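Here is a short briefing on the structure shown below. The points are grouped by topic.

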Amino acid sequence: MQTDVRGQPPGLRAHRRPRTRHCRAVAREGSSPPMNLVTHPFAIRAGVAGALLLLAAIAATSLVRMNRFADAAQWVDHTHEVIEGLDAVLLGITEAETAQRGFLLTSDETYLIPYSASRASLTAEVDRVLHLADPDSEKAARIGRVKGMIERRLALLDQGIAALRESREESTDAARRITEGSTAMGEIRAAVGEMKRDELALLTQRSATLERDRSTARLILVVGNAIALVLLAGSFGIVLREVRQRQEAELRARRYALQVEDLYNAAPCGYHSIDGTGLIVRINDTELSWLGYSREEVVNRLRLTDLLTPESRQRFEQAFDEFKGQGFARDLEYELVRKDGSLLPVAVSATLVRDANGNYLMSRSSVFDITKRKRAEQELHRANVFLDSVLEHIPNMMFVKSAEDLAYVRFNHAGELLLGLSRDAVLGKRDNELFDEDLAARFAAQDREVLASGRMLVVEDTLATPGGERILHTRKLSIQDQAGQPGYLLGISEDITEHRLSERKISELNQALELRARQLEATNKELESFSYSVSHDLRSPLRAIDGFSRILEEDHAPRLDQEGLRLLAVIRTNTRRMAQLIDDLLAFSRLGRQAMALLDVNMAALARESWEQLTGEGSGRAQLELGELPDAPGDPVLLRQVWANLLSNALKYSGKREQPQVGVSGRREDGEVVYCVSDNGVGFDMRYSDKLFGVFQRLHTTEEFPGTGVGLAIVKRVVARHGGRVWAESTLDHGARFYFTLPVR
Amino acid sequence: MNELEPVEILLVEDSATDAEMTIRALKREGLANRLTWVRDGAEALDFVFREGSHVDRANGEPKPLLLDLKMPKVDGIEVLRRMKADSRTAHIPVVMLTSSAEERDMLRSYELGVNSYLVKPVEFDQFVEQVSKAGCYWVIMNKLPSSR
């Protein structure tokens with residue numbers, strides 16, 4: 001079941017729960033049988049009432065009938081009595097007569113005994129019958145007449161008796177008396193008979209009526225009872241069913257109540273109610289567990305204000321008054337203090353419950369734990385602050401325009417500095433209010449393009465700023481909202497004026513460099529053809545000089561003396577030397593122009609090969625000590641030359657020793673490999689070490705050691721082209737050590 | 001230098017001194033008898049193709065052609081090219097005999113199908129040795145198909 005903000009399930013009103021409505025509500029809700037007329041409470045009442053009425057009616061009728069029956073029976077009895085009485089009377093009179101007659105006949109006094117007895121009883125009897133009749137009735141009158149008759153008769157009888165006793169009577173008197181007596185007797189008999197007949201008729205009538213009454217009564221009784229029974233049974237059944245339904249409804253109601261209570265207590269939010277003084281009158285388990293209190297500690301003992309922080313308390317007091325006035329409160333934020341003293345941020349919404357007179361009764365408040373929300377808000381705030389600070393500190397100008405009207409909504413500090421416009425002057429404005437017409441139009445066009453295409457646009461614009469004309473490199477892109485529609489336009493501008501200048505300078509420098517390079521290339525080409533010429537053109541005459549001096553020597557030796565031959569020898573020596581010089585020079589020159597390969601060179605192998613090439617020609621005395629040589633990247637052809645030159649030098653300058661020793665070693669050091677060629681030769685004077693690697697520079701004469709002085713220059717050049725260094729150390733007469741390095745990456 | 005005798009060596013050399021030394025070396029080996037010397041590439045071609053002034057030269061082809069590179073009019077490369085391009089003369093061994101040790105010249109020559117490339121040493125002794133050896137090799141040792 002949904003709980004609304006007020007915290008209580010709908011359909012329940014506080015304090016008023018009319019059972020019928022409730023039951024009906026439950027009946028509607030539950031799975032009870034559909035309502036029909038038979039279970040209608042009115043029907044039950046009607047049924048029961050009907051039954052009761054019927055029973056009452058029956059009882060009444062029965063009673064009445066009973067009475068009537070009793071009456072009738074009584075009458076019948078009465079009638080029987082009357083008849084018996086009349087019979088008794090007749091009998092009595094007859095007995096009296098008989099007794100009298102007997103006496104008369106016998107003159108026995110013994111007959112007078114029954115006569116007296118009969119006479120007495122007769123009178124009594126008549127009186128009795130008389131009493132039986134209603135004094136005012138005709139019957140009484142008749143009985144009175146009969147009584148009279150009887151008395152007359154008795155009188156007659158008495159007369160008779162007296163007469164006899166006195167023996168005075170005349171037969172005619174006696175006859176008259178007898179006749180009178182017989183007539184009287186006849187009259188009495190007739191009267192009594194008539195009365196008896198009437199009484200019998202009456203009896204029959206009354207019996208019939210009695211019988212009728214009895215059967216009617218019986219019928220009524222039976223039928224009425226039957227109906228009553230049926231009605232009662234029916235009502236009973238209905239009542240039973242009603243009871244059962246009620247029970248079920250009650251059960252459902254109880255369960256429902258439990259559910260509701262559970263809903264209330266175990267809700268994911270807190271519920272509480274406070275009365276007019278702020279006292280907590282009700283609180284659910286959830287809120288209690290949040291606060292760490294038990295129900296006994298809180299309900300009717302604590303005020304809500306007791307659980308608020310002082311700051312919240314203030315706001316609450318004000319809000320509470322408003323709440324009492326307008327009847328609701330929405331999303332008020334407070335801080336509750338838990339039992340352990342920690343704080344709980346909450347949002348409270350409430351509605352009002354009024355009593356029957358419309359006065360404030362209590363609140364229905366729902367309490368939400370907004371710790372997460374608060375934290376999220378704080379995070380958001382922090383993030384926003386961070387973003388803002390980032391935006392402000394970015395050294396490039398950043399701006400945001402809204403997509404609708406292209407007015408500035410964001411403009412950072414860097415932008416203020418660059419354009420010399422304050423934020424306030426820019427925000428809310430559009431480009432045409434800030435820049436001149438043409439520029440504004442350009443910007444507008446750019447903006448439109450960005451928003452339409454959805455792609456980033458990179459533009460460059462020149463604008464006038466307080467700092468002079470500046471070139472701005474701007475990137476504009478559209479920021480879309482969640483529906484994919486452009487919401488904002490983001491721009492980042494960089495002042496590239498300096499950059500442009502640098503670029504221009506660089507390009508100028510590059511052009512100059514290119515020019516120089518071209519010039520150098522031209523020079524190189526010239527040098528190349530020069531070398532080519534040298535190699536070809538200089539050699540030929542040299543060959544001729546050497547050749548013809550030889551021919552002269554061979555063909556005209558006899559005509560030459562010792563001196564002449566010596567001179568020729570000098571000529572030849574010098575031509576040879578010149579040839580060597582030319583070769584060396586050419587080699588040296590070529591080195592600078594050759595393309596350099598960069599491979600992993602096995603230096604050990606290269607050194608060994610060079611050595612073998614050099615010593616293969618018979619410098620067998622020299623000993624080589626070849627250490628571990630790390631590989632290095634370089635041009636193997638050029639590096640071979642390096643080894644050749646260094647090793648041949650080492651051999652040359654240690655050649656005069658008894659035991660020439662040449663050592664080759666290498667080690668890795670700090671991003672380069674250092675190689676060393678050492679010998680135990682004559683060494684050189686360190687004072688002139690810087691001349692060693694110059695072209696044609698020698699520290700010894702050709703007579704001491706042959707050579708043109710190009711070898712080391714070549715070594716230096718090759719190593720320099722590889723990016724390495726060369727140097728040498730020596731002690732005079734104690735050998736020399738030549739080092740070169742090659743960089744390794 | 002008798003044009004009536006079949007030639008064994010055709011020396012194409014513009015330097016008289018170089019030519020003299022070459023011939024002297026070959027003479028020592030006895031290979032200079034049937035040697036013809038021309039002074040430039042044009043004349044060399046005329047000789048090979050029997051044109052111009054050498055229209056009437058004797059039959060038989062040189063066993064090598066000793067060719068210098070740098071010559072006026074038509075240089076060695078051109079001669080080489082024309083000779084190797086023509087099926088009549090392509091089989092004739094061409095030996096470059098030049099002072100140039102330039103990689104470029106060597107490459108070009110081999111590309112054009114030179115049979116051998118010799119660099120003239122400056123020292124005379126070495127020069128002589130080289131020429132003699134080359135001469136012996138190409139004239140005596142090397143075999144050629146019989147001339148048509």
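How many residue pairs are in polar contact between chain A and chain B, with both residues at pLDDT 80 or more? The count is twelve. The model is a predicted one.

**Contact between chain A and chain B**

- Chain A brings 21 residues to the contact, and chain B brings 21 residues.
- The size of an interface is often given as the accessible area lost when the parts come together.
- Here about 2000 Å² is buried between chain A and chain B. Carbon and sulfur atoms give 53% of that area.
- On the chain A side, the residues that lose the most area to chain B are A:Tyr532, A:His536 and A:Arg543. Together they make up 38% of what that side buries.
- Seven salt bridges are counted between chain A and chain B.
- A:Arg576 and B:Glu123 form a salt bridge, with the closest N and O atoms 3.5 Å apart.
- Two helices of chain A, helix 14 (497-556) and helix 15 (562-593), each supply at least two residues of the side that touches chain B.
- Helix 14 of chain A gives the most to that side, with 16 residues.
- By residue class, the side of chain A that touches chain B has ten charged, six nonpolar and five polar residues.

**Mixed sheet in chain A**

- Five strands of chain A make an open sheet with mixed pairing, in the order 12-14-15-17-16.
- Why is one side of strand 12 (623-626) and of strand 16 (726-730) of chain A left without a neighbour in the sheet? Both strands stand at the edges and each has a single partner strand, so one side of each has no neighbour there.
- From one strand to the next, the twist averages 15°.
- Strand 14 (residues 661-669) and strand 15 (residues 672-679) of chain A run antiparallel and are joined by eight bridges.
- A:Val662 has A:Asp679, in strand 15 of chain A, as its bridge partner.
- Helix 16 (residues 603-615) of chain A packs on the sheet. This helix touches strand 12, strand 14, strand 15 and strand 17 (736-743) of chain A. Its direction makes about 175° with that of strand 12 of chain A.
- Helix 18 (residues 711-722) of chain A also packs on the sheet, where it touches strand 16 and strand 17 of chain A. Its direction makes about 25° with that of strand 17 of chain A.

**Hairpins in chain A**

- Strand 8 (residues 457-465) and strand 9 (residues 468-480) of chain A pair antiparallel over nine bridges.
- Opposite A:Leu457 stands A:Lys476 in strand 9 of chain A.
- Two residues link strand 8 of chain A to strand 9 of chain A in a hairpin.
- Strand 9 of chain A also pairs with strand 10 (residues 486-495) of chain A, in the antiparallel sense and over nine bridges.
- The bridge partner of A:Gln480 in strand 10 of chain A is A:Pro486.
- The hairpin of strand 9 and strand 10 of chain A has five residues between the strands. In its turn, A:Gly484 has a positive phi of about 85°.

**Parallel sheet in chain B**

- Chain B has an open sheet of five strands with parallel pairing, in the order 2-1-3-4-5.
- Its edge strands are strand 2 (35-38) and strand 5 (116-119) of chain B, and each pairs on one side only.
- The twist averages 20° from one strand to the next.
- Strand 1 (residues 9-12) and strand 3 (residues 65-67) of chain B run parallel, joined by three bridges.
- B:Leu11 stands opposite B:Leu66 in strand 3 of chain B.
- Helix 4 (residues 103-112) of chain B lies across strand 4 (94-98) and strand 5 of chain B. Helix 4 of chain B runs at about 160° to strand 5 of chain B.
- Helix 5 (residues 124-141) of chain B packs on the sheet and touches strand 1, strand 4 and strand 5 of chain B. Its direction makes about 165° with that of strand 5 of chain B.

**Positive phi in chain A**

- Most residues other than glycine have a negative phi.
- A:Asn300 is not a glycine, yet its phi is positive, near 60°. A:Asn300 lies in the loop between helix 7 (295-298) and helix 8 (310-326) of chain A.
- A:Leu406, not a glycine either, has a positive phi of about 55°. Its place is the loop between strand 6 (397-402) and strand 7 (408-411) of chain A.

Methods:
Residues numbered from 1 in each chain as written. Chains lettered and ligands numbered in written order. Predicted model: local features only at pLDDT ≥ 70, side-chain atom pairs only at ≥ 80, totals over all residues. Heavy atoms only, no water. Contact = heavy atoms within 4.5 Å. Buried area = accessible area lost by both parts, 1.4 Å probe. Salt bridge = Lys/Arg side-chain N within 4 Å of Asp/Glu carboxyl O. Polar contact = N/O pair within 3.5 Å; in protein donor to acceptor, adjacent residues only side chain to side chain. Helix = DSSP H or I, 4+ residues; strand = E, 2+ residues; numbered from the N terminus. Nonpolar A, V, L, I, M, F, W, Y, C, P; charged D, E, K, R; others polar. Pairing = 2+ DSSP bridges. Axes fitted to C-alpha atoms, helices over the stretch in contact; angles between N-to-C directions.
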